[in-house]
Amino acid sequence: MSINKPQENKYRFVERSVFTDKHVFAENSYQSGNMNQIEMGLYNKYFDWIQEHFETKPDGIIYLKADPETSFKRIKKRARNEESIIPLDYIKQIHEKHENWLQDEKNVLILDANLEFEKNKKNFNSMIEKIKRFVQTI
């Protein structure tokens, strides 16, 4: 799938959008000093260019909200080598950025991802039903 091709399906689900990148990850990088003012300025110019040339604004956002400690435990449980160095403080920063960004967005479905849903069929099915209803409203 390419960003410059028209969407053929009614729905498109993505793990992260350019908006998550801007409002969460780039903002966190800038505030933590990993991106300087010139780099952030260039990033914002590129983001604005993408917005001008492509339709990237989502109709709705599904936010799987979990406490940073829950996310940290799940990362440790997965035991992926590439995730092994992620500190809890970073997860807390990213969580806070998501919270700040999404409080002003419209059409956000917030699901409690602290609940066990991988092995709990009732919780899993409840989330799926909420997602189905949400998608039908947008």
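Me: Why is His 95 called buried in this predicted model?
Reply: His 95 has a relative accessible area of 18%. Buried means under 20%, so His 95 counts as buried.

Me: Where is the place of His 95, and which residues does His 95 touch beyond those up to four places away in sequence?
Reply: His 95 is in helix α4. Leaving out residues up to four places away in sequence, His 95 touches Tyr 63, Lys 65, Ala 66 and Pro 68.

Me: Which backbone oxygen lies 3.3 Å from a polar atom of the His 95 side chain?
Reply: The backbone oxygen of Ala 66.

Me: What makes the Phe 19 and Phe 47 rings a pair, and of which kind?
Reply: A search of the whole structure gives 3 aromatic pairs. In the pair of Phe 19 and Phe 47, the ring centres are 5.5 Å apart and the planes stand at 85°. Pairing needs centres within 6.5 Å, and planes over 60 degrees apart count as edge-to-face. The pair is therefore edge-to-face.

Me: Which parts of the chain does that pair link?
Reply: Distant ones: Phe 19 sits in helix α1 and Phe 47 in helix α2, 28 residues apart.

Me: Are Phe 19 and Phe 47 buried or exposed?
Reply: Phe 19 has 9% relative accessibility. Phe 47 has 8%. The limit for buried is under 20%, so Phe 19 counts as buried, and so does Phe 47.

Me: What makes Trp 49 and Phe 54 a pair, and of which kind?
Reply: Their ring centres are 5.8 Å apart, with planes at 75°. The cut-offs are centres within 6.5 Å and, for edge-to-face, planes over 60 degrees apart. So Trp 49 and Phe 54 are edge-to-face.

Me: Which residues form one aromatic cluster?
Reply: Tyr 46, Trp 49 and Phe 54.

Me: Why is Trp 49 called partly exposed?
Reply: Trp 49 has 39% relative accessibility. Buried is under 20% and exposed is over 50%, with partly exposed in between. Trp 49 therefore counts as partly exposed.

Me: Which charged ends sit over the rings of Phe 47 and Phe 19?
Reply: Over the ring of Phe 47 sits the charged end of Lys 22, 5.1 Å from the ring centre. Over the ring of Phe 19 sits the charged end of Lys 57, 4.9 Å from the ring centre. The distance cut-off is within 6 Å of the ring centre.

Me: What is the phi of Ala 79, and why is Ala 79 called exposed?
Reply: Ala 79 has a positive phi of about 55°, although it is not a glycine. Ala 79 lies in the loop between α3 and α4. Its relative accessible area is 60%. Exposed means over 50%, so Ala 79 is exposed.

Me: Where does Ser 32 lie, and why is Ser 32 called partly exposed?
Reply: Ser 32 lies in the loop between α1 and α2. Ser 32 has 38% relative accessibility.

Me: What makes the Ser 32 and Asn 34 side chains a polar contact?
Reply: The contact between these two side chains is at 3.2 Å. The distance cut-off is within 3.5 Å.

Definitions and conventions
Residues numbered from 1 in each chain as written. Predicted model: local features only at pLDDT ≥ 70, side-chain atom pairs only at ≥ 80, totals over all residues. Heavy atoms only, no water. Helix = DSSP H or I, 4+ residues; strand = E, 2+ residues; numbered from the N terminus. Buried < 20%, exposed > 50% of the residue type's maximum accessible area, 1.4 Å probe, protein only. Polar contact = N/O pair within 3.5 Å; in protein donor to acceptor, adjacent residues only side chain to side chain. Phe/Tyr/Trp six-rings, centres within 6.5 Å; stacked < 30°, edge-to-face > 60°. Lys NZ or Arg CZ within 6 Å of the ring centre and 35° of its normal. Contact = heavy atoms within 4.5 Å.
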